[in-house]
Structure formats: C-alpha cells, structure tokens
Amino acid sequence: MGFIDWKFLIDTFFVALSGVPVALLVTVISLLIAVPFGFFLALSRIYEIPVLNSFAKLYISFVRGTPIIIQIFVLYATIPLLLNGLFEKYEIDYPIYEINPLWYAFIIFSFNTTAVLIEVFRSALQTVSKGQIEAAHSVGLTTWQAYRRIIIPQALVAAMPNLCTATINLIKATSLGYAISLQEITLKAKVEANFGYNYLEAYLDIFIVYLLICIAVEYLFKWYEKRLSRYQLRLV
Amino acid sequence: MLEIKNVHKTFGKNEILKGVDLTIDKGDVVVILGPSGSGKTTLLRCINFLERADEGTASFDTIQVDLHNASKKDILAIRKKTAFVFQNYNLFNNKTALENVAEGLYIGRGLKKEEALKISKEALNRVGLAEKYDAYPSQLSGGQQQRVGIARAVALNPDIILFDEPTSALDPELVGEVLTVMKDIAREGTTMLVVTHEMSFARDVANRVIFMDGGNVVEEGTPHEIFVQPKEERTKRFLQRVLPDDYSYHI
Ligand SMILES: Nc1ncnc2c1ncn2[C@@H]1O[C@H](COP(=O)(O)OP(=O)(O)OP(=O)(O)O)[C@@H](O)[C@H]1O
Ligand SMILES: [Mg+2]
C-alpha cells in the first residue's frame, strides 16, 4: 500500500489522540448537565405537568427534526447575540468573540443531549410498574424516597442500553465541533493533514480513534449494566 | 380502633364506592367478600391513600382524617399505622428479601440499620423464609414472594394489615403456604382486613365477614351468619355461585 504515508499516519494518530481529552470533556460535561434536566423534564412528561410537558414535547421535536450541525450553527450564531445584548445592558466589558469554543460546545451538546435523555428516561421510568411506588408508599416511604431507593435504580437498568447509545452518539457528534474550532480529534487531525494533503491518513486516524473510544465506552456500559442488574439474575 | 365512614369514589362516570362504612376493632380479622368489580380493592386502596377518595373520613384511635383532603402529614401518619399486602406482591425488585422487609423500617420509620435488619430477620423467620434473606424476588416462587410481602407488612408492626386478594395470583399448589402464614399471624392477634375469595379462610379465621356488592356493604356478620343464614338475596346468590355444591358448613 504505497499510497499511504505510514510515518504520517502514525504521527497523526497521536495528534488525533491529543484531541481525545477535549472530546471526552465535552461529552462528560454535556451529560452532567443533560442528566438532571433530562430527568426533570421526563418526570414533567410522565406526570403531564401543564407548561413543562408541552415545552418538552416542542423541544424534543425541534432537536429531533433538525441536523445537529444546523443546531450548532444556530446556537453558535445566536448565543453571542444574546450575550451581547445582556452585556450591553449590564455594561459588562468582555470580548464576546474571544470566548473559548469549549463553552459553546458545552451549551450546544447539552442542549442536544437533554432532548435525547428526556425520552430515554421517560421510557425507562415507564418500565417500572406502578406497584413498586405503591408498595414503597405503603411501607411509609415518601415519593422522593421511593424514587431514590426503588424507582430510579430499576429505571437506570432499563435505561442503560439507550444511555450507552446516547453517549456514543454524543461522542461521535463532538466531531462536529470542528465547525466551531473546537480543538477536538477531528479538527486536530485535519489541521495536520492540511499541510501535505494527507487526508486519507488523517481520516483513517480519526476513524480508529473514535472506534477505540466507542468500543471502550460500550464495554464500560455493558460492565456497569451487568453490575446494576444483578438482581435480575435468576439463579434457581 | 379504625372507623371508616361514608367513603365515596368515582372513576370517570362510574361510581365505584357509594358510601361505605366500616368499623374494625383491635384483634379483628375481617374478611370482605364480593363479586368482581364491587369495589373491594378500591376500598382498601382508599384507606391507605393509594387512591384518593372523593369523600369520607377515617378515624384511627386519636387520629382523624378526611379521606379526600388529607394532608401529606396525615397520609404518612395513617400509612404508619397500616400495612398493605398486594395481590401481585409488589416486592421491590432491586432489593433482596431482607432489604424488602427492612426498607420501610430503615427508611420509612428511620430505625437504625442493625435494628431494622434484626426485626426484618425475625419477620422472615416467622413466615418460614429464614433461608432466603439474600434472595432477590426474581429468585423466589410466587408463594415465597407473597410471604416476603407479608413479612414486610408484619415487620412494621402496624395497627392493621390490609390484604388485597393475597393468594389470587398464586398457582393453586402455592395458596396453602400463604394461607397458613396468614392464619398464624391472625392467631397471634394481628388486626387484619382481608379481601379474598378463599372461603375456607373466611370461615375458619375471620370473626367478621362483610359482603360488598355494587359499591355498598350489603350485609355483614359473623361467618356463621353470612354463610349459614344470609339475610340478603344478593348475598345468597353470590354464595351459591362461589361455594361448591357439596359445601357443608359446620361451626
Ligand atoms: N384506576 C382506575 N381507573 C378507572 N377505573 C377503575 C380504576 N380502578 C378500578 N376501577 C374500576 O372500578 C371497579 C371496581 O374495581 P375494584 O378493583 O375495586 O373491584 P374489586 O371488587 O376489587 O374486584 P376484583 O374482585 O375483580 O378484584 C372496576 O369496574 C374497575 O374497572
Ligand atoms: Mg380487587
């Protein structure tokens, strides 16, 4: 395979790897933000809380019905405008256009992931039968205690496969961060390729890096799911 | 000890409970009989606030609550005095037998963990499950699960235990073990309100039988009065249907 520059391939692999921390940071922070919001809005949907339920539905169809790259462009364009208005109003002097793209990435990807998680949590919570919360109430637990000790642990097991998919999709979606100059895997490798037009090698590297991360994440989720669902094993 | 008055409950357009009154004394074992859909489950659920009645009151010794407007505090207070055994057991799937029993003591009542576990073990021993502390519900037979359900209720040492058809979901060969446990705890003086189709339990264990139909209490009395000398036509017809032809009643 003489058309591949092996040295470049290997060197760039490490360049691409150096983008992993940013990709994972964006993934983790977005999940940390999206999990509580997603859970709260999932509950609003289940209990059909008037305004929040309709809001959640609209929000989900917006996120589902548009490509992520467009969501990125829209938020990347509107957030500075909003901030600008805010800063002017409160007379804050801050160079808006120098904000680290990392911050935009956190907002954009948690915005997107929240919508996904609402539905993940909603369907997971609905797999737990109503009898579980009734039994918890009947032994004197409050609704919050019942959720914390009985409902959420069971719903989490049901949610694991979808959570895994959502996380992997999120990791892959961070590759779109190059559009806002986020110093992640794809951007770093591409920049490297720009010098000598070694795009094929760079893409191969990107390919392998994502593949490795996603395999590792999937493995982690499987392992954790097994641990969480020990109670479902039927031994007799 | 427990006095329920004028319980009304409507689902949609169907009036399920049409003003039910009920008095239970300490140590009573009261069985509720009645055809399907007569509102037996709904009545028990209203007493424990698993369902919110449209109207009615409950007085529990010194506590008096409105079944419709009860505050969260009232509800917790009533639930501390009652326990519920469900038709489908409703054991906590993510907890072992021992944890199932301890949960209400440890989290609900705020007992120390060791204390809660000690009481829970005793309760499981009482229902014959000393070997199954660490089994998850998915590893237990229906009869064993329901016995855990009973232990979970007994451990709370409530003033009254409400049973909603505790043996209906069981395979016939498993009914006996659950009824035996229920008889044992009845003999030990536990106050029980039991919805069941097990006529033998009503006959042998209850000291009072209530017949419900169409959301009303039609007739109540001792097992002898209900089974041998029912006064109401509806009671007679129901008993004819559910009792085997050769059912002979001796007391
Ligand atoms: N949550 C609910 N929503 C609407 N209807 C309900 C609800 N719960 C019960 N019902 C209706 O109320 C009626 C009485 O139900 P209930 O379960 O109290 O009867 P039951 O006497 O326990 O009958 P069974 O012997 O079949 O258990 C039924 O017709 C049932 O369909
Ligand atoms: Mg019923």
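**Figure 1. Leu117(A) is a buried residue of chain A in this predicted model.** The relative accessibility of Leu117(A) is 0%, so this residue counts as buried, the limit for that class being under 20% relative accessible area. Leu117(A) belongs to helix H5 of chain A, which covers residues 101–126. When residues up to four places away in sequence are not counted, Leu117(A) touches Leu31(A), Ala34(A), Val35(A), Gly38(A), Arg122(A), Leu163(A) and Ala166(A). Tyr210(A) stands 93 residues from Leu117(A) along the chain, and 22 Å separates the C-alpha atoms of the two residues.

**Figure 2. Chain A is built from helices, with nine helices and zero strands.** Followed along the sequence, the pattern of chain A reads α-α-α-α-α-α-α-α-α. A box of roughly 70 × 60 × 30 Å, taken along the principal axes, is filled by the C-alpha atoms of this chain. Chain A has 236 residues, and 45% of them count as buried.

**Figure 3. Glu48(A) has a positive phi value and lies in a loop of chain A.** The loop runs between helix H2 (20–46) and helix H3 (50–64). The phi angle of Glu48(A) is near 50°, a positive value in a residue other than glycine. Glu48(A) has a relative accessible area of 58% and is therefore exposed, since the exposed class begins over 50%.

**Figure 4. Glu91(A) is a loop residue with a positive phi.** Glu91(A) is found between helix H4 (68–89) and H5 of chain A. Its phi is about 50°, although Glu91(A) is not a glycine. The relative accessibility of Glu91(A) is 71%, so this residue counts as exposed.

**Figure 5. Chain A and chain B meet at an interface.** On the side of chain A, 23 residues are in contact with 25 residues of chain B. The size of an interface is often expressed as the accessible area that is lost when the parts come together. Here chain A and chain B bury about 2200 Å² between them, with 55% of this area on carbon and sulfur atoms. Within chain A, the residues that lose the most area to chain B are Val139(A), Arg149(A) and Tyr231(A), which together make up 28% of what that side buries.

**Figure 6. Ligand 1 is surrounded by residues of chain B.** The surrounding residues are Phe11(B), Ile16(B), Pro35(B), Ser36(B), Gly37(B), Ser38(B), Gly39(B), Lys40(B), Thr41(B), Thr42(B), Glu165(B) and His197(B). By class, this shell holds three nonpolar, seven polar and two charged residues. Helix H1 of chain B (residues 40–47) supplies the largest share of the shell, namely three residues.

Conventions. Residues numbered from 1 in each chain as written. Chains lettered and ligands numbered in written order. Predicted model: local features only at pLDDT ≥ 70, side-chain atom pairs only at ≥ 80, totals over all residues. Heavy atoms only, no water. Helix = DSSP H or I, 4+ residues; strand = E, 2+ residues; numbered from the N terminus. Buried < 20%, exposed > 50% of the residue type's maximum accessible area, 1.4 Å probe, protein only. Contact = heavy atoms within 4.5 Å. Near = heavy atom within 4 Å. Nonpolar A, V, L, I, M, F, W, Y, C, P; charged D, E, K, R; others polar. Buried area = accessible area lost by both parts, 1.4 Å probe.
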